[in-house]
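Welcome, and please take a moment to look over the sequence and the model below. A short tour follows, grouped by topic.

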Amino acid sequence: MQQDSLYTAYPFTTDEASPAVKSFVARPREKTVSSVLARLPRNATEWQKDSAVQANFPKTKMTWPPGAKTDLPLGDKGKVDFRVHHKLELHRSEILPKLPFAVPEVPFRPLGMAGDPVPYRFQNDDFVTTAILLSFFLVVWTIVRSRRFLSQAIKDFFYEARERDNLFASRTESELRGEVFLVFQTCFLHAILFFGYTQMAMPDVFVQVSPYKILGTVLGVCGLYYLSKIILYRWVNSVFFAPWQVRRWNETYLLGILAIGTTFFPISLLFVYFDVPAEQLILPTLIVLLIVKLCLLYKSYRIFFSNRWGFLHIILYFCTLEILPLFLLWVSLVALCNQLTTLD
(Lines give C-alpha, C1' and ligand atoms only; values in the text may rest on other atoms or scores of the structure.)
Protein backbone atom coordinates (compact mmCIF):
# COMPACT_ATOMS: atom_id res chain seq x y z
CA MET A 1 0.00 0.00 0.00
CA GLN A 2 1.23 3.48 -0.79
CA GLN A 3 2.46 5.43 2.20
CA ASP A 4 0.59 8.53 3.38
CA SER A 5 3.58 10.90 3.42
CA LEU A 6 2.20 13.67 1.28
CA TYR A 7 2.46 16.41 3.82
CA THR A 8 6.24 16.14 4.07
CA ALA A 9 6.54 16.94 0.37
CA TYR A 10 3.57 19.31 0.04
CA PRO A 11 3.34 21.81 2.87
CA PHE A 12 0.18 23.88 2.94
CA THR A 13 0.67 26.38 5.75
CA THR A 14 1.64 29.97 5.12
CA ASP A 15 4.21 29.94 7.93
CA GLU A 16 6.53 27.72 5.93
CA ALA A 17 6.11 29.65 2.65
CA SER A 18 8.94 31.72 1.14
CA PRO A 19 9.24 35.47 1.96
CA ALA A 20 8.36 36.34 -1.65
CA VAL A 21 5.08 34.48 -1.33
CA LYS A 22 4.30 36.08 2.04
CA SER A 23 4.66 39.56 0.60
CA PHE A 24 1.83 38.93 -1.85
CA VAL A 25 -0.54 37.40 0.70
CA ALA A 26 -2.93 39.94 2.21
CA ARG A 27 -4.70 37.55 4.51
CA PRO A 28 -4.84 33.75 4.76
CA ARG A 29 -7.71 32.07 3.01
CA GLU A 30 -10.10 29.88 4.90
CA LYS A 31 -9.05 26.29 4.58
CA THR A 32 -11.65 24.07 2.93
CA VAL A 33 -11.73 20.45 1.84
CA SER A 34 -11.79 21.42 -1.84
CA SER A 35 -8.69 23.62 -1.43
CA VAL A 36 -6.82 20.78 0.27
CA LEU A 37 -7.76 18.29 -2.45
CA ALA A 38 -6.87 20.79 -5.19
CA ARG A 39 -3.22 20.85 -4.02
CA LEU A 40 -2.84 17.10 -4.32
CA PRO A 41 -1.36 15.54 -7.46
CA ARG A 42 -3.74 14.20 -10.04
CA ASN A 43 -2.73 10.59 -9.39
CA ALA A 44 -3.42 10.77 -5.62
CA THR A 45 -5.33 7.76 -4.32
CA GLU A 46 -8.47 7.87 -2.26
CA TRP A 47 -6.49 6.84 0.82
CA GLN A 48 -4.08 9.75 0.33
CA LYS A 49 -6.98 12.18 -0.12
CA ASP A 50 -8.56 10.97 3.11
CA SER A 51 -5.20 11.24 4.91
CA ALA A 52 -4.76 14.82 3.67
CA VAL A 53 -8.23 15.87 4.81
CA GLN A 54 -7.78 14.32 8.26
CA ALA A 55 -4.37 15.99 8.67
CA ASN A 56 -5.73 19.45 7.88
CA PHE A 57 -8.94 19.02 9.86
CA PRO A 58 -8.07 17.32 13.15
CA LYS A 59 -10.77 15.41 14.91
CA THR A 60 -12.36 16.94 18.00
CA LYS A 61 -13.44 14.95 20.96
CA MET A 62 -17.10 14.08 20.71
CA THR A 63 -19.29 14.91 23.67
CA TRP A 64 -22.77 13.64 24.31
CA PRO A 65 -25.46 16.35 24.15
CA PRO A 66 -27.54 16.95 27.27
CA GLY A 67 -30.50 14.62 27.49
CA ALA A 68 -29.01 11.94 25.22
CA LYS A 69 -29.68 8.33 26.26
CA THR A 70 -26.53 6.20 26.41
CA ASP A 71 -28.01 3.15 28.09
CA LEU A 72 -28.51 -0.22 26.42
CA PRO A 73 -31.23 -0.52 23.80
CA LEU A 74 -34.47 -1.96 25.08
CA GLY A 75 -36.45 -4.67 23.38
CA ASP A 76 -40.03 -5.74 23.88
CA LYS A 77 -41.68 -5.17 27.24
CA GLY A 78 -38.91 -2.82 28.42
CA LYS A 79 -36.20 -5.54 28.74
CA VAL A 80 -32.63 -5.17 27.51
CA ASP A 81 -32.14 -6.75 24.09
CA PHE A 82 -28.68 -8.34 24.48
CA ARG A 83 -28.63 -9.48 20.84
CA VAL A 84 -28.71 -5.88 19.66
CA HIS A 85 -26.15 -4.95 22.32
CA HIS A 86 -23.80 -7.73 21.14
CA LYS A 87 -24.01 -6.51 17.52
CA LEU A 88 -23.20 -2.98 18.60
CA GLU A 89 -20.16 -4.09 20.61
CA LEU A 90 -18.95 -6.19 17.67
CA HIS A 91 -19.28 -3.21 15.38
CA ARG A 92 -17.34 -0.96 17.77
CA SER A 93 -14.52 -3.39 18.63
CA GLU A 94 -13.78 -5.14 15.32
CA ILE A 95 -15.13 -3.11 12.40
CA LEU A 96 -14.53 0.52 13.35
CA PRO A 97 -10.78 0.23 14.23
CA LYS A 98 -10.01 -1.28 10.80
CA LEU A 99 -11.47 1.62 8.87
CA PRO A 100 -8.87 4.20 7.66
CA PHE A 101 -11.28 7.10 8.12
CA ALA A 102 -13.12 8.38 11.17
CA VAL A 103 -16.71 7.27 11.75
CA PRO A 104 -18.37 9.41 14.44
CA GLU A 105 -21.00 7.69 16.51
CA VAL A 106 -24.43 9.28 16.55
CA PRO A 107 -25.90 9.20 20.04
CA PHE A 108 -29.26 7.59 20.61
CA ARG A 109 -32.07 10.08 21.14
CA PRO A 110 -35.79 9.68 21.72
CA LEU A 111 -38.13 9.72 18.74
CA GLY A 112 -38.46 13.49 18.45
CA MET A 113 -39.98 15.98 20.80
CA ALA A 114 -43.53 15.84 22.04
CA GLY A 115 -45.37 18.65 20.25
CA ASP A 116 -48.81 20.13 20.59
CA PRO A 117 -51.52 17.95 19.02
CA VAL A 118 -53.23 19.37 15.96
CA PRO A 119 -56.78 20.33 16.96
CA TYR A 120 -59.71 18.79 15.14
CA ARG A 121 -61.21 21.08 12.52
CA PHE A 122 -64.42 20.65 10.57
CA GLN A 123 -62.91 22.01 7.36
CA ASN A 124 -60.54 19.00 7.21
CA ASP A 125 -63.36 16.50 7.75
CA ASP A 126 -64.75 15.10 4.50
CA PHE A 127 -67.89 13.79 6.19
CA VAL A 128 -68.85 17.17 7.68
CA THR A 129 -68.04 19.01 4.44
CA THR A 130 -70.20 16.60 2.46
CA ALA A 131 -73.08 16.97 4.92
CA ILE A 132 -72.88 20.78 4.77
CA LEU A 133 -72.82 20.85 0.97
CA LEU A 134 -75.68 18.36 0.76
CA SER A 135 -77.78 20.32 3.25
CA PHE A 136 -77.10 23.56 1.33
CA PHE A 137 -78.30 22.16 -1.99
CA LEU A 138 -81.35 20.52 -0.43
CA VAL A 139 -82.30 23.74 1.37
CA VAL A 140 -82.05 25.66 -1.88
CA TRP A 141 -84.12 23.00 -3.63
CA THR A 142 -86.78 23.06 -0.92
CA ILE A 143 -87.01 26.85 -0.92
CA VAL A 144 -87.29 26.96 -4.71
CA ARG A 145 -90.03 24.31 -4.72
CA SER A 146 -91.91 26.15 -1.93
CA ARG A 147 -91.30 29.73 -3.02
CA ARG A 148 -95.01 30.45 -3.60
CA PHE A 149 -95.99 29.09 -0.24
CA LEU A 150 -93.17 30.94 1.51
CA SER A 151 -93.98 34.26 -0.16
CA GLN A 152 -97.64 33.91 0.82
CA ALA A 153 -96.73 32.89 4.37
CA ILE A 154 -94.44 35.91 4.78
CA LYS A 155 -97.18 38.22 3.50
CA ASP A 156 -99.72 36.68 5.88
CA PHE A 157 -97.33 36.87 8.81
CA PHE A 158 -98.17 40.49 9.62
CA TYR A 159 -101.87 40.21 8.82
CA GLU A 160 -104.53 39.60 11.41
CA ALA A 161 -105.19 35.93 11.96
CA ARG A 162 -108.47 34.78 10.46
CA GLU A 163 -110.03 31.53 9.45
CA ARG A 164 -108.91 30.38 6.03
CA ASP A 165 -107.99 27.25 4.12
CA ASN A 166 -104.90 25.32 5.02
CA LEU A 167 -101.91 26.34 2.94
CA PHE A 168 -100.54 22.80 3.09
CA ALA A 169 -103.57 21.39 1.30
CA SER A 170 -102.35 22.53 -2.13
CA ARG A 171 -98.78 21.41 -1.62
CA THR A 172 -97.27 18.23 -2.95
CA GLU A 173 -95.97 15.35 -0.89
CA SER A 174 -92.35 16.14 -1.81
CA GLU A 175 -92.68 19.65 -0.37
CA LEU A 176 -94.00 18.20 2.89
CA ARG A 177 -90.98 15.93 3.08
CA GLY A 178 -88.86 19.01 2.44
CA GLU A 179 -90.18 20.56 5.63
CA VAL A 180 -89.14 17.49 7.60
CA PHE A 181 -85.68 17.84 6.10
CA LEU A 182 -85.57 21.53 7.08
CA VAL A 183 -86.10 20.50 10.70
CA PHE A 184 -83.26 17.99 10.41
CA GLN A 185 -81.00 20.57 8.75
CA THR A 186 -81.71 23.04 11.56
CA CYS A 187 -80.74 20.39 14.11
CA PHE A 188 -77.51 19.71 12.21
CA LEU A 189 -76.57 23.40 12.29
CA HIS A 190 -77.37 23.46 16.01
CA ALA A 191 -74.90 20.60 16.43
CA ILE A 192 -72.13 22.43 14.55
CA LEU A 193 -72.55 25.63 16.56
CA PHE A 194 -72.72 23.77 19.86
CA PHE A 195 -69.54 21.91 18.90
CA GLY A 196 -67.86 25.31 18.61
CA TYR A 197 -69.11 26.16 22.08
CA THR A 198 -67.73 22.84 23.35
CA GLN A 199 -64.34 23.63 21.86
CA MET A 200 -64.35 27.02 23.58
CA ALA A 201 -65.97 26.39 26.98
CA MET A 202 -65.49 22.63 27.57
CA PRO A 203 -61.95 21.73 26.46
CA ASP A 204 -61.96 18.45 28.40
CA VAL A 205 -64.95 17.23 26.43
CA PHE A 206 -63.46 18.48 23.18
CA VAL A 207 -60.15 16.64 23.73
CA GLN A 208 -61.45 13.35 25.18
CA VAL A 209 -64.65 12.74 23.22
CA SER A 210 -64.88 11.96 19.52
CA PRO A 211 -66.34 14.86 17.51
CA TYR A 212 -68.81 12.49 15.87
CA LYS A 213 -70.17 11.53 19.29
CA ILE A 214 -70.68 15.19 20.14
CA LEU A 215 -72.39 15.88 16.82
CA GLY A 216 -74.58 12.80 17.11
CA THR A 217 -75.58 13.59 20.68
CA VAL A 218 -76.49 17.21 19.94
CA LEU A 219 -78.27 16.22 16.73
CA GLY A 220 -80.38 13.64 18.53
CA VAL A 221 -81.24 15.93 21.43
CA CYS A 222 -82.22 18.81 19.12
CA GLY A 223 -84.33 16.49 16.98
CA LEU A 224 -86.13 15.25 20.10
CA TYR A 225 -86.57 18.87 21.20
CA TYR A 226 -88.29 20.00 17.99
CA LEU A 227 -90.39 16.84 17.78
CA SER A 228 -91.57 17.28 21.36
CA LYS A 229 -92.34 20.95 20.72
CA ILE A 230 -94.48 20.16 17.68
CA ILE A 231 -96.41 17.44 19.52
CA LEU A 232 -96.87 19.62 22.61
CA TYR A 233 -98.07 22.60 20.58
CA ARG A 234 -100.63 20.52 18.70
CA TRP A 235 -101.94 18.88 21.85
CA VAL A 236 -102.29 22.11 23.87
CA ASN A 237 -103.67 24.17 20.98
CA SER A 238 -106.20 21.52 20.01
CA VAL A 239 -107.61 21.62 23.56
CA PHE A 240 -107.98 25.40 23.95
CA PHE A 241 -108.26 26.87 20.44
CA ALA A 242 -110.15 26.46 17.17
CA PRO A 243 -108.82 24.18 14.40
CA TRP A 244 -108.11 27.09 12.03
CA GLN A 245 -105.99 28.74 14.75
CA VAL A 246 -104.07 25.49 15.28
CA ARG A 247 -103.33 25.21 11.55
CA ARG A 248 -102.26 28.83 11.37
CA TRP A 249 -99.86 28.43 14.28
CA ASN A 250 -98.35 25.20 12.89
CA GLU A 251 -97.53 27.00 9.65
CA THR A 252 -96.04 29.92 11.57
CA TYR A 253 -93.90 27.67 13.74
CA LEU A 254 -92.52 25.77 10.73
CA LEU A 255 -91.72 29.11 9.13
CA GLY A 256 -89.80 30.05 12.30
CA ILE A 257 -87.78 26.81 12.09
CA LEU A 258 -86.98 27.59 8.46
CA ALA A 259 -85.83 31.09 9.45
CA ILE A 260 -83.52 29.67 12.16
CA GLY A 261 -82.00 27.10 9.80
CA THR A 262 -81.49 29.63 7.01
CA THR A 263 -79.82 32.25 9.21
CA PHE A 264 -77.71 29.69 11.10
CA PHE A 265 -76.22 28.43 7.83
CA PRO A 266 -73.92 31.43 7.13
CA ILE A 267 -72.96 31.55 10.81
CA SER A 268 -71.93 27.89 10.64
CA LEU A 269 -69.90 28.54 7.48
CA LEU A 270 -68.01 31.30 9.27
CA PHE A 271 -67.07 28.89 12.03
CA VAL A 272 -66.20 25.92 9.81
CA TYR A 273 -64.38 27.45 6.84
CA PHE A 274 -63.31 30.95 7.87
CA ASP A 275 -61.84 30.11 11.31
CA VAL A 276 -63.98 32.68 13.10
CA PRO A 277 -63.67 31.98 16.87
CA ALA A 278 -66.75 30.56 18.52
CA GLU A 279 -66.88 33.37 21.10
CA GLN A 280 -67.39 35.89 18.30
CA LEU A 281 -70.38 33.94 16.97
CA ILE A 282 -72.29 33.83 20.24
CA LEU A 283 -73.74 37.33 19.82
CA PRO A 284 -75.11 36.88 16.25
CA THR A 285 -76.53 33.49 17.24
CA LEU A 286 -78.36 34.98 20.22
CA ILE A 287 -79.61 37.88 18.08
CA VAL A 288 -81.08 35.45 15.53
CA LEU A 289 -82.81 33.43 18.25
CA LEU A 290 -84.12 36.57 19.92
CA ILE A 291 -85.60 37.95 16.69
CA VAL A 292 -87.28 34.63 15.82
CA LYS A 293 -88.72 34.23 19.32
CA LEU A 294 -90.06 37.80 19.30
CA CYS A 295 -91.72 37.15 15.94
CA LEU A 296 -93.29 33.97 17.30
CA LEU A 297 -94.43 35.86 20.38
CA TYR A 298 -96.07 38.51 18.22
CA LYS A 299 -97.74 35.91 16.00
CA SER A 300 -99.05 33.85 18.91
CA TYR A 301 -100.57 36.99 20.37
CA ARG A 302 -102.26 37.83 17.04
CA ILE A 303 -103.61 34.31 16.57
CA PHE A 304 -104.65 33.26 20.08
CA PHE A 305 -104.80 36.25 22.44
CA SER A 306 -105.87 39.32 20.48
CA ASN A 307 -108.44 40.34 23.11
CA ARG A 308 -108.04 42.96 25.82
CA TRP A 309 -106.50 40.69 28.46
CA GLY A 310 -104.59 38.55 26.02
CA PHE A 311 -101.16 39.77 27.11
CA LEU A 312 -101.66 38.08 30.48
CA HIS A 313 -102.33 34.74 28.86
CA ILE A 314 -99.54 35.05 26.31
CA ILE A 315 -96.91 35.34 29.07
CA LEU A 316 -97.94 32.03 30.59
CA TYR A 317 -98.44 30.34 27.23
CA PHE A 318 -95.18 31.46 25.62
CA CYS A 319 -92.98 30.98 28.67
CA THR A 320 -94.32 27.46 29.24
CA LEU A 321 -94.11 26.22 25.66
CA GLU A 322 -91.16 28.21 24.29
CA ILE A 323 -88.80 29.68 26.90
CA LEU A 324 -88.79 26.80 29.38
CA PRO A 325 -88.12 24.08 26.73
CA LEU A 326 -85.28 26.17 25.31
CA PHE A 327 -83.69 26.43 28.76
CA LEU A 328 -84.11 22.68 29.30
CA LEU A 329 -82.51 22.03 25.91
CA TRP A 330 -79.40 23.98 26.85
CA VAL A 331 -79.04 22.32 30.26
CA SER A 332 -79.49 18.87 28.71
CA LEU A 333 -76.86 19.46 26.04
CA VAL A 334 -74.25 20.63 28.54
CA ALA A 335 -74.98 17.75 30.94
CA LEU A 336 -74.90 15.09 28.23
CA CYS A 337 -71.65 16.34 26.73
CA ASN A 338 -70.02 16.30 30.16
CA GLN A 339 -71.37 12.79 30.68
CA LEU A 340 -69.67 11.61 27.46
CA THR A 341 -66.25 11.95 29.11
CA THR A 342 -67.17 9.32 31.70
CA LEU A 343 -68.54 6.93 29.08
CA ASP A 344 -65.21 6.93 27.21
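Is D275 buried, partly exposed or exposed? D275 is partly exposed, because its relative accessible area is 45%, where buried means under 20%, exposed means over 50% and partly exposed is in between (1.4 Å probe, protein chains only). The model is predicted, so local features need pLDDT of at least 70 and side-chain atom pairs count only at pLDDT 80 or more, while totals for chains, interfaces and linings use all residues. Residues are numbered from 1 along each chain as its sequence is written, and side-chain values use heavy atoms, with hydrogens and water left out.

**The overall picture**

- The protein has 13 helices and zero strands; helices (H or I, at least four residues) and strands (E, at least two) are DSSP runs, numbered from the N terminus.
- Along the sequence, the pattern reads α-α-α-α-α-α-α-α-α-α-α-α-α.
- The protein is made of 344 residues, and 33% of them count as buried.
- Among contacts in the protein with a separation of 6 or more, 74% come from residues 24 or more positions apart; contact means heavy atoms within 4.5 Å.

**Where two helices cross**

- The axes of helix 7 (residues 147–157) and helix 11 (residues 243–273) come within 11 Å and cross at roughly 110 degrees; axes are lines fitted to C-alpha atoms, for helices over the stretch in contact, and angles run from 0 to 180 degrees between N-to-C directions.
- Helix 7 and helix 11 are therefore roughly perpendicular to each other, on a scale where under 35 degrees is roughly parallel, over 145 roughly antiparallel, 65 to 115 roughly perpendicular and the rest oblique.
- Helix 7 brings L150, A153, D156 and F157 to this contact, and helix 11 brings R248, T252, L255 and L258.
- By class, the contact of helix 7 with helix 11 has five nonpolar, one polar and two charged residues; Ala, Val, Leu, Ile, Met, Phe, Trp, Tyr, Cys and Pro count as nonpolar, Asp, Glu, Lys and Arg as charged, and the others, Gly among them, as polar.

**Aromatic rings**

- There are 21 aromatic pairs, counted when the rings of Phe, Tyr and Trp (its six-membered ring) have centres within 6.5 Å; planes under 30 degrees apart are stacked, over 60 edge-to-face and the rest tilted.
- The rings of F122 and F195 have centres 4.6 Å apart and planes at 45 degrees, so this pair is tilted.
- F122 sits in the loop between helix 5 (82–95) and helix 6 (126–145) and F195 in helix 8, so the pair ties together parts that are 73 residues apart in sequence.
- Both F122 and F195 are buried.
- A cluster linked by ring pairs holds Y233, F241, W249, Y253, F304, F305 and Y317.

**Residues along helix 8**

- F188 belongs to helix 8 and counts as buried because its relative accessibility is 10%.
- Beyond its neighbours within four places in sequence, F188 is in contact with A131, I132 and L219.
- F188 and G216 are 28 residues apart in sequence, and their C-alpha atoms are 9.0 Å apart in space.
- H190 is also found in helix 8, and at 16% relative accessibility H190 counts as buried.
- Apart from its neighbours within four places in sequence, H190 is in contact with V218, C222, Y226, I260 and F264.
- Q199 lies in helix 8 (residues 173–201) and counts as partly exposed, with 31% relative accessibility.
- Not counting residues up to four places away in sequence, Q199 touches F206 and F271.
- Q199 and P277 are 78 residues apart in sequence and 9.8 Å apart in space, C-alpha to C-alpha.

- D275 is placed in the loop between helix 11 and helix 12 (278–304), and D275 has a positive phi of about 55 degrees although it is not a glycine.
- I314 is found in helix 13 (residues 310–343) and is buried, with a relative accessible area of 7%.
- Leaving aside its neighbours within four places in sequence, I314 is in contact with L297, S300, Y301, F305 and C319.
- I314 and Y298 are 16 residues apart along the chain, with 9.5 Å between their C-alpha atoms.
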